[in-house]
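My entries follow in the order of looking.

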Amino acid sequence: MATIIDMPKLSDTMTLGTVANWLKNEGDTVESGDVIAEIETDKATMELEAFDEGVLLKQIAAVGAQVPVGSPICAIGEEGESIDIQSTPATDTSTSAEANAEPETSENASSDSRSSEAEPDPTQEKAATGRLKASPLARKIAEQRSIDLSKLTGSGPKGRIVKKDVLGADSGSVGQPTSTDVPTSTSGGIAVSEDIPVSQMRAIIAQRLQESKTTAPHFYLESEIDVGALLDLRKQLNSELAALPPEHGSVKFSVNDFILKAATEALRRVPAMNRSWAGKTIRQHSSVDISFGVAIEDGLLTPVIRNAEAKSLKSISAEAKELITKARSKKLSPNEMSGSTFTVTNLGMFGVTGFYGIINTPNAGILSIGATIARPVVRDNGSIEAAQIMKIGLSCDHRVVDGATGAKFLQSLKTILENPAFIFL
């Protein structure tokens, strides 16, 4: 009897999953452990592994279809075995069949390209007909990165270009590179008016931030910190590490690495800031699980560095870079972006001089980092000197902490950042 595979729940907030790509076609043999599809959740694109053996009898859900958790997406069974599609709820098979044809088409494909005839060799087909086989997700990423799909070799079934082929491509060699941080316009005018569908990720972000802003009573504190000594230390460390052999060096610290480490140390000194609102109780955390904001194309992710209080600056730097890479390729696991006890967000690289983030509940606070600005300051002895001033904002949940607690935390953070040797204690 055929086994019906349902849409799995791949994150704690997932209610719908989108079939980003099928990696097995109908009729393909499936072994236990084979990755048969890529599923886009509200937070990441994850691989769907088969736990049954047999033949993929039916792709019930089409590429691009949004399927509720627990609803059927495919069937695996013996070759030639029939399945009762009508008994599989939620997903319309006619929709599936129609949409299944979509990834096989291209901009140059004719309207009757839904034929189920045997597929010719993809490279020959591409040369002969101009058709290009690529998943919708691969096309989307390629468009965003200005990568010419016709110059890629697909690693998917029958030569289909999939996401990893595009991500692995050097955009500088296959297309005209563009910055992902600065929007570009080919027309020179403003964007065309349109209604943009809300992605699952954007919907969850909207829901969570609205809940935070409307249920957590925010108050705000700010401090200006002279980070001149920290910037000098960072420059010296990076210069000396660059001169070492790769096995001893291979580290380049960012300002954010120092901020994460300093915030961790400040939370260790003021543990009352490392708490969470739990309804009828306030939870004091025994470890600092610090998260940080990573902007991606269609949203914002907050990966978590766990037990940061026990890690060196070098370890935090390496882990942060790995998590950023995963976040930008949507490869973070649910465990890597949940369960934080405090959050840091940084817009200083965009020239923003100061701001206040919305608390990532149930955290007690979020630290917002602005740009470092050179400006004159009056020292204690009355002299005027040029200094590197960073403005930091702290948003606090008044249910968990009071103003004095937030002020003590900022005071500790200021002490550490203005005397960065504390970071290495």
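The model is a predicted one.

**Entry: the six-stranded sheet**

I began with strand E17, residues 365-378, and strand E18, residues 384-397, which pair in the antiparallel sense over twelve bridges. In this pairing I found Val-378 opposite Ile-384 of E18. I then traced the sheet around them, an open one of six strands in the order E9-E18-E17-E16-E12-E15. Its pairing is mixed. At the edges I noted strand E9 (218-226) and strand E15 (304-305), each of which pairs on one side only.

Which strands does helix H10 lie across? I listed E9, strand E16 (342-346), E17 and E18 under H10, which covers residues 403-418. Against E9, the helix H10 runs at about 20°.

**Entry: H8 against H9**

Two packed helices are described by the angle between their axes and the distance between the axes. For helix H8 (residues 255-269) and helix H9 (residues 313-328) I read an angle of about 120° and axes 9 Å apart. H8 is therefore oblique to H9. I noted their crossing as right-handed. From H8, the contact takes in Asp-257, Phe-258, Leu-260 and Lys-261. From H9, I have Leu-313, Ile-316, Ser-317, Ala-320 and Lys-321. Sorted by kind, the residues of this contact are five nonpolar, one polar and three charged.

**Entry: Leu-237**

I looked up Leu-237 next and placed it in helix H7, residues 228-242. Leu-237 and Phe-253 are 16 residues apart in sequence, and their C-alpha atoms are 7.9 Å apart in space.

Pro-362 lies in the loop between E16 and E17.

Asn-307 is not a glycine, yet I read a positive phi of about 50° for it. I placed Asn-307 in the loop between E15 and H9. Asn-307 is partly exposed, at a relative accessible area of 38%.

Lys-330, also a residue other than glycine, has a positive phi near 55°. I placed Lys-330 in the loop between H9 and E16. With a relative accessible area of 15%, Lys-330 is buried.

**Entry: the four-stranded sheet**

I then moved to the sheet that contains E1. It is an open sheet of four strands, in the order E1-E8-E6-E3, with antiparallel pairing. I noted strand E1 (3-6) and strand E3 (29-30) as the edge strands, each pairing on one side only. E3 pairs with strand E6, residues 54-59, in the antiparallel sense over two bridges. I looked up Val-30 and found Gly-54 in E6 as its bridge partner.

**Entry: E2 and its partners**

How many of the residues of strand E2 are buried? I noted six of seven for this strand, residues 16-22, and so recorded E2 as mostly covered, with buried meaning under 20% relative accessible area. E2 pairs with strand E7, residues 66-68, in the antiparallel sense over three bridges. Here I found Gly-17 opposite Val-67 of E7. E2 also pairs with E4 in the antiparallel sense, over four bridges. For Asn-21, I read Glu-38 as the bridge partner in E4.

I ended with strand E4, residues 35-40, and strand E5, residues 45-49, which pair in the antiparallel sense over five bridges. Glu-40 stands opposite Thr-45 of E5. A hairpin through four residues joins E4 to E5.

Conventions: Residues are numbered from 1 along each chain as its sequence is written. This is a predicted model: local features need pLDDT of at least 70, side-chain atom pairs count only at pLDDT 80 or more; totals for chains, interfaces and linings use all residues. Side-chain values use heavy atoms; hydrogens and water are left out. Two strands pair if DSSP finds at least two bridges between them. Contact means heavy atoms within 4.5 Å. Axes are lines fitted to C-alpha atoms, for helices over the stretch in contact, and angles run from 0 to 180 degrees between N-to-C directions. Angles under 35 degrees count as roughly parallel, over 145 as roughly antiparallel, 65 to 115 as roughly perpendicular and the rest as oblique. A crossing is left-handed if the near helix is turned anticlockwise from the far one by less than a right angle, and right-handed if clockwise. Ala, Val, Leu, Ile, Met, Phe, Trp, Tyr, Cys and Pro count as nonpolar, Asp, Glu, Lys and Arg as charged, and the others, Gly among them, as polar. Buried means under 20% relative accessible area, exposed over 50%, partly exposed in between (1.4 Å probe, protein chains only).
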